[in-house]
Amino acid sequence: MAEGFPRRTKAGFGPHLRKLGYGRGWGRLWTPDEDALLSRVYTDGTSRTPLIERLGRSTSSINWRVDHLGLRGTHANRNGFRGGPIWTEADITTLRDHYGKMPMTDLAAKMGRTKASLFTRANLLGLVHGYHRPWSDDDRRALALAHAHDIALPDLATALGRKYAAVHKFAEKQGGQVRPPRASQARPDAAGHSRPISAAVGRDRPWLEGEGENSGGRERHASHEERIMIPATIATAVEPETIAKVTRLFNNTAFDVVTELFQNARRAGAIAVAVLIQTGGPDTLLHIIDDGHGIADPASIVTLGRSGWSEQTRRMEDPAGMGVFSLAGRDVIVRSFSRPDRRGWMAHIPASAWETSRPIAISPDPISRGTAITIKVPDAWLKTLADDVATAAKHYPLPVTLNGDTLPREDWLQDAIHVEEWNGTRIGVFQKHPSHYSTREGRLNFHGLTLPCKLLQIQEVDRGAHWIARVDIFDAPQIQLVLPARKEVIENEGLAALQDAVSVAIFRAIASQGAHRLSAEHWRAALDLGVELPEAEAYLFGWVAPAADSGRNYATGERTTDTSMVIMSDFEALVAQPAADAIAAHNPFGGPLVVAQDAFTGYRWYDVLARVDDLRFRVLQSDREFVVSATLDAPSDAEDGWVDAITMVATVSHAGASIEVSTAADVAFAPDEWTCNSVDQTSIFVRRGSSRTALDVADLFERAAFEPSTDSDADSYDTQQERFQADAAERVIGLLEGDDAALESRIRDKLSGHYFMVPADRTVTVVINRDRLEVQIVERTVTATGAGGEGA
């Protein structure tokens with residue numbers, strides 16, 4: 001403060017400045033040049049920031065001058081000067097797709113904007129955050145009730161389970177005059193008891209004696225005694241607000257809607273149904289027209305649970321009175337002929353009317369029979385609509401046309417091997433390969449509506465085809481479907497009886513074929529159901545020793561019917577391969593070996609067969625003897641390679657007794673202590689004097705022990721096999737022929753794939769040891785026949 005001047009505030013200067021004619025910016029007048037620069041910025045649509053810095057003026061000063069010059073609204077950029085990037089159509093689409101579905105922090109980072117920017121734009125677009133609960137009709141009624149009964153906003157917010165600020169904001173938008181915040185209070189009911197606000201607004205909860213305001217202004221909690229109003233009787237009922245949930249009764253796909261309307265047409269006694277898909281206008285329309293007896297009472301189509309069908313239809317099908325509500329949420333026009341009134345009527349049901357109880361006008365219509373329903377087709381239906389209509393018509397009992405063309409129909413039991421009727425149904429039995437059907441396919445046909453059902457399906461032993469059944473329902477009230485969509489069967493006594501009937505039909509179909517290969521379990525099940533079947537055909541497949549690589553194993557396809565056949569149990573390849581080698585030289589079992597098929601246990605012809613229960617090898621090495629098997633490894637001091645004798649020993653059970661049989665063997669293997677069957681650790685024994693060569697033994701060892709790895713980082717099958725073969729040959733040759741022979745085998749294996757490197761007219765000699773490597777190349781004489789004069 002300068003000396004001699006009184007102390008004054010900024011507010012004190014204002015009135016005197018205005019009296020003197022100074023306005024905003026009085027400290028520095030705007031020059032014509034500055035006005036021209038500001039006007040050019042608005043004309044060119046450039047940023048004001050550089051101008052603010054250049055002129056040394058504040059943003060408020062710039063805004064005031066813009067208003068004074070009338071520049072507002074003349075800016076070339078339609079979005080004005082912005083603190084962030086302009087909102088493009090792509091940005092708005094991204095916001096619509098992710099708003100409320102992605103955390104706002106992540107969405108802001110994804111779009112390169114602030115959260116405040118996203119909230120502002122979402123509000124302008126009318127988007128509702130997925131984490132915010134929308135205001136329902138119940139909430140609106142509660143707000144109106146609170147207004148009528150002078151209930152305070154905090155009490156209303158508590159009753160609705162919402163924040164006070166949200167309720168206050170919504171009330172202001174609705175124009176409601178609700179009491180301002182104050183302490184929560186309870187309102188007395190007619191009997192003078194204190195009743196909580198939540199009950200007043202329709203959110204009832206048990207009220208407690210003494211609930212209300214105490215002298216301190218806080219809500220007093222209940223005493224230990226609760227006075228709960230318990231009625232003398234109760235009855236089933238449907239709350240009026242249920243109407244607000246009708247759009248969730250069906251999933252509203254085109255197929256569901258068409259199927260439901262087809263069912264209604266059939267129940268109405270229609271002879272045919274016509275479907276039209278009308279395009280070319282602003283909207284695609286679907287018309288479904290039938291020639292049935294029409295709808296007598298228009299109210300029945302919008303009354304949930306009301307069914308106007310005949311007593312016979314109700315008995316046969318148990319209609320729920322909900323089929324038309326498959327259209328809920330769609331813009332629909334219904335035209336129908338009322339026989340009692342002898343005139344037609346029309347009702348337009350807007351999409352929004354399904355969830356409210358607002359009146360729907362009925363007007364006269366010239367329709368003379370049947371019912372015609374027109375639906376405004378949503379975009380989601382367009383791609384598959386024609387296919388959905390064709391699918392709904394495929395097994396429908398009435399002819400259907402689509403845009404004038406008759407759609408193909410197919411008997412639900414077409415190609416059935418066996419058909420029989422049972423209690424208002426037709427049961428068809430089929431033989432199908434598993435690759436030609438799915439367990440999720442329909443098993444029941446309810447007048448064109450097909451749905452899955454748990455019914456017996458049987459696969460005969462060692463035969464590919466399955467026996468399955470389909471059921472065509474035409475008058476079976478005992479078979480009930482889950483309402484309203486009828487996509488599942490209710491598990492009840494009627495379904496259990498149907499399942500038994502299907503089982504009987506399948507067994508009868510099998511009996512009609514003469515012979516079968518059913519398991520003994522299914523054979524006994526057929527007998528229990530009163531269907532007598534002979535035992536399964538008495539043959540088994542010849543036994544082939546399994547390889548360690550399961551991909552090599554296969555059934556021989558050779559049937560054996562010899563009554564002396566012997567069942568071979570499932571043995572590990574490490575024992576089965578050398579055993580098969582020994583059995584090929586001499587079969588000690590007295591009959592052909594066959595593969596075990598335990599599904600036949602229980603048949604007389606199978607149970608009397610002899611069975612090999614155990615296989616092992618007795619090895620004699622010098623003056624000691626030991627036993628090896630798939631699970632019994634060799635003694636730690638046993639030496640691999642040549643042994644004096646090997647005997648295969650088998651335990652055979654027959655007629656309740658067990659015996660041992662044996663035969664000489666040339667080769668035996670024993671697992672390592674970890675049963676990994678690796679090339680280096682698996683024990684290999686070969687009988688001295690055997691005619692088996694080292695490579696023969698190596699091949700047998702590969703079949704017995706090679707099992708490729710299927711790990712994601714493993715080499716290819718061929719690479720693994722080649723490496724195993726080379727390592728096995730090297731080890732076996734070393735054991736049987738010595739280290740030099742093994743070294744030769746290994747070198748040959750390494751070089752065998754490189755012949756192509758040597759020209760046809762050259763011979764390469766390699767001399768190698770630990771100290772040197774010599775390569776000599778000489779000319780090779782090639783004869784006319786291509787044979788070389790020198791060894792390659």
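Among contacts in the protein between residues at least 6 apart in sequence, what percentage join residues at least 24 apart? With contact defined as heavy atoms within 4.5 Å, the figure is 61%. The structure is a predicted model, in which local features need pLDDT of at least 70, side-chain atom pairs count only at pLDDT 80 or more, and totals for chains, interfaces and linings use all residues. Residues are numbered from 1 along each chain as its sequence is written, and side-chain values use heavy atoms, with hydrogens and water left out.

The protein contains 22 helices and 31 strands, taken as DSSP runs numbered from the N terminus (helices H or I, at least four residues; strands E, at least two). Of its 792 residues, 39% count as buried, that is, under 20% relative accessible area with a 1.4 Å probe and protein chains only.

A nonpolar core is here a set of buried Ala, Val, Leu, Ile, Met, Phe, Trp, Tyr and Cys residues joined through side-chain atoms within 4.5 Å. The largest such core comprises 45 residues, and Ile427, Leu444, Leu498, Leu540 and Tyr603 have the most contacts inside it. At least two residues of this core are supplied by each of β14 (425–432), β15 (444–446), β16 (449–451), β18 (466–473), α16 (493–511), α17 (520–528) and α19 (604–607). Helix α16 provides the largest share, 10 residues. When residues up to four places away in sequence are not counted, Leu444 touches Trp412, Leu449, Thr450, Leu451, Cys453, Leu455, Val471, Ile473, Ile479, Val489 and Leu498. A second, separate core of 36 residues includes Ala265, Ile295, Ile349 and Ala392.

Two helix pairs were examined for packing. Axes are lines fitted to C-alpha atoms, for helices over the stretch in contact, and angles run from 0 to 180 degrees between N-to-C directions. The axes of α5 (residues 89–98) and α6 (residues 104–111) come within 11 Å and cross at roughly 160 degrees. Helix α5 is therefore roughly antiparallel to α6, the term applying to angles over 145 degrees. In this pair, Asp91, Thr94, Leu95 and His98 of α5 meet Leu107, Lys110 and Met111 of α6. The contact of α5 with α6 has 3 nonpolar, 2 polar and 2 charged residues, where Ala, Val, Leu, Ile, Met, Phe, Trp, Tyr, Cys and Pro count as nonpolar, Asp, Glu, Lys and Arg as charged, and the others as polar.

Helices α18 (residues 573–585) and α20 (residues 694–705) pack at an angle of about 140 degrees, with their axes 7 Å apart. Their contact involves Ala573, Leu574, Gln577 and Pro578 of α18 together with Leu700, Arg703, Ala704 and Ala705 of α20. These residues divide into 6 nonpolar, 1 polar and 1 charged.

How values were computed. Buried < 20%, exposed > 50% of the residue type's maximum accessible area, 1.4 Å probe, protein only. Parallel < 35°, antiparallel > 145°, perpendicular 65-115°, else oblique.
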